[in-house]
Amino acid sequence: MTSDSPGWLGRLRRGRTGPRSRVRRRVGSVVRLTLALALAGGVYSVFAPGIAGAKDTPQLSTAAEEGKALFNQSCISCHGPRAQGVEGRGPSLIGVGAASVEFQVGTGRMPMARQEAQAERKPPVFTDEQTRQLAQYIQELGGGPQVPSGDLRAPENDEEAIARGGNLFRINCSSCHAFSGGGGALSSGKYAPPIGEATDQQIYAAMLTGPQNMPVFGDNQLTPEQKKEIISYIQEALQEDRDPGGWGLGRFGPVTEGLAIFLVGIVALVFASLWIAGKS
């Protein structure tokens, strides 16, 4: 009995410790796997914050929420549900800013009925308030340039500022829009539009965003003061007046003027010659 006791107790101990050791190993494996997964998730969230942020819906202001509803109704088919763009239909709007929306939507160029060489100005589909709401949504969604608030012209009756604006316009704008602001043809069916109907906000937004073929005139190219001087020149020197000679001939330039002079002048000379010959 005594000699058999240690063997019986040893077998009992071995029978008890075997399952316990297996359980410990399994629990340890589960704990290690859980820690490894948590570590991998933490590393992923640190090195890929943009992916996580892209899935989250940003907190929007009231105006932006209204703009989002308008966007989902009228713009989503071409620019995508998150304004990321749709290939062959419309570009991404991420980063274009409120200024681009205010120009494109405020001038009726967007929404477009079909893809063309250039979006044409037409009566706007949205009201001014709806345009601001759409612009606010795009601004909060991806940021970008904004038209500053306040007066967008140089100080009133500042003739020197208007003269500086005229010089800047002739250097930077007249090659496409013509000296008179009447616009001009470009390649591939595109053109620089006339600026006679453009508002201060639309001109400033166009300089900030460079719509279609127009280059971007950021603050490094033209300071905000210079932009205001150009706007003052356009609005006060090109739009409000100014045909000191009486007949502007559409402001199409020297070709029209030369043709008018030739037709009127030559006809007058012919009749004058015939009258002189008849008198003699």
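Visitor: How many nonpolar, polar and charged residues are in the lining of the largest pocket?

Guide: Residues are sorted by class: Ala, Val, Leu, Ile, Met, Phe, Trp, Tyr, Cys and Pro are nonpolar, Asp, Glu, Lys and Arg charged, and the others, Gly among them, polar. Here the lining of the largest pocket has 19 nonpolar, 14 polar and three charged residues. The model is predicted, so local features need pLDDT of at least 70 and side-chain atom pairs pLDDT 80 or more, while totals for chains, interfaces and linings use all residues. Residues are numbered from 1 along each chain as its sequence is written, and side-chain values use heavy atoms, without hydrogens and water.

Visitor: Which residues lie nearest the centre of the largest pocket?

Guide: A pocket is an open set of points on a 1 Å grid over the protein atoms alone, where a 1.4 Å probe fits, with protein on both sides within 12 Å along at least five of seven lines; lining residues have an atom within 4 Å of a point. Of the 36 residues that line the largest pocket, His-79, Pro-91, Leu-93, Gln-104 and Met-110 lie nearest its centre. Two or more lining residues come from each of α3 (62-74), α4 (76-79), α5 (97-106) and α6 (128-142). Such helices (H or I, at least four residues) and strands (E, at least two) are DSSP runs, numbered from the N terminus. The greatest contribution to this lining is that of α5, with four residues.

Visitor: What lines the second largest pocket?

Guide: Its lining consists of 33 residues, and His-177, Pro-193, Ile-195, Ala-206 and Met-214 are the ones nearest the centre. The elements giving two or more residues are α7 (159-172), α8 (174-177), β2 (191-192), α9 (200-209) and α10. Here α9 gives the most, with four residues. By class, this lining has 20 nonpolar, nine polar and four charged residues.

Visitor: Is Gln-235 buried or exposed?

Guide: Buried means under 20% relative accessible area, exposed over 50%, and partly exposed in between (1.4 Å probe, protein chains only). Gln-235 belongs to helix α10 (residues 224-239), and it counts as buried because its relative accessibility is 4%.

Visitor: Where is Ala-83, and what is its phi?

Guide: Ala-83 sits in the loop between α4 and α5. Its phi is positive, about 60°, although it is not a glycine. With a relative accessible area of 0%, Ala-83 is buried. Ser-188, in the loop between β1 (184-185) and β2, likewise has a positive phi of about 60° without being a glycine. Ser-188 is exposed, at 66% relative accessible area.

Visitor: Which peptide bond is cis, with omega near 0°?

Guide: The bond from Met-110 to Pro-111 is cis. Pro-111 lies in the loop between α5 and α6, and Met-110 is among the residues nearest the centre of the largest pocket.
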